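Me: Please take a close look at one part of this model, the pairing of its strands. I would like one connected account in plain words.

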Amino acid sequence: MDRRILGSDDAALEVSAEGLGCMGMSEFYGTTDEPEAIATIHRALELGIDFIDTADMYGWGANERLLGRAISGRRDEVVLATKFGNVRGEQGEFLGIRGDAAYVHEACDASLRRLGTDRIDLYYQHRVDVNVPIEETVGAMAELVAAGKVLRLGLSEAAPETIRRAHAVHPITALQTEYSLFTRDPEGNGLLDTVRELGIGFVAYSPLGRGFLTGRITDPDELAADDSRRTGRFPRFVGENLRQNLELVERIKAIAAEKGAEPGQLALAWVLAQGDDIVPIPGTKRRGYLEQNAAATELRLTEDDLKRLDEAAPAGATAGDRYADMSRVNL
């Protein structure tokens, strides 16, 4: 597994070229299987994937506890990333976004307990609290660095101006935002330009379009009843949007077949080819799909391949918003 550097200077962090997103192991994408999830994390480490991503809101703490059990006794093999800011109640209900200094400290201590560790390698603000100055939030995060509880800082779904203001308070190592052939917004909204100007790495979440780019999802009604992709949370999976987007996936599948690759592998290879400062973190809860994703790092795309993919899935081609409620995204 190749290595990449997120961030620059004293904020630099070396990670595997591809990471592992753990969200679906605990929530949102149908049934869960903890033994298989833990086996998947262990298999990732065997394959050289050490950049493991979670958040306190996934399963409202369950995902961090699962990851903590999985890496028990192997902490030094892992570059551990987690997030705070999305507040949930005891029944999983969404209670809002908090970025005030007191909550930053409270959330970090709770994550450390659940993860069973004394440090977080990369700590993100999961969503920006527009009611709290970003300077206050990042100032509190910097205090965590000074205390040794956190090594590097990140932001998720933050706008260019927010990133600049945050970076002025304390060096930001990485911005995590959705990016794929399905979601090319960062190319046109200034995000990639901003982070590259500031020397901040880019972590691409949902690089497989929430599984859509694998070609395995053609009818969301076939997914589990509690899978968020069939509940209306993601407009791209419903109605006319779905029909248009399936046409896009068919074009990607055709190119993948010519390359002797799976469509999901081609989609990951495309993200990897966008720059050495970009690290995709495809999520999966099964070893088989993990191994398939990891093999994408060995797929080399030619200039002609990249041109054809740009034509097959140009920016703005995907039908529907990323979320039914985009108000939580700092634009």
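Reply: Two strands are said to pair if DSSP finds at least two bridges between them. The model is a predicted one. Its open sheet is built from eight strands, and their order is E3-E4-E5-E8-E9-E10-E11-E12. The pairing in this sheet is parallel. At the edges are strand E3 (20–21) and strand E12 (278–280), each of which pairs on one side only.

Strands of a sheet are joined by backbone hydrogen bonds, in either a parallel or an antiparallel way. Take E8 and E9 as the case to study. E8 covers residues 120–125 and E9 covers residues 150–156, and five bridges link them in the parallel sense. Across from Ile 120 stands Val 150 in E9.

A helix belongs to this picture too. Helix H4 (residues 134–146) lies across strand E5 (79–84), E8 and E9. H4 runs at about 155 degrees to E9.

For contrast, look at E6 and E7. Strand E6 (residues 86–88) pairs with strand E7 (residues 94–97) in the antiparallel sense, over three bridges. Asn 86 has Ile 97 in E7 as its bridge partner. E6 and E7 make a hairpin with five residues between the strands. In this hairpin, Gly 92 has a positive phi near 90 degrees. To put the two cases side by side: E8 and E9 pair in the parallel sense, whereas E6 and E7 pair in the antiparallel sense.

Key
Residues numbered from 1 in each chain as written. Predicted model: local features only at pLDDT ≥ 70, side-chain atom pairs only at ≥ 80, totals over all residues. Heavy atoms only, no water. Helix = DSSP H or I, 4+ residues; strand = E, 2+ residues; numbered from the N terminus. Contact = heavy atoms within 4.5 Å. Axes fitted to C-alpha atoms, helices over the stretch in contact; angles between N-to-C directions.
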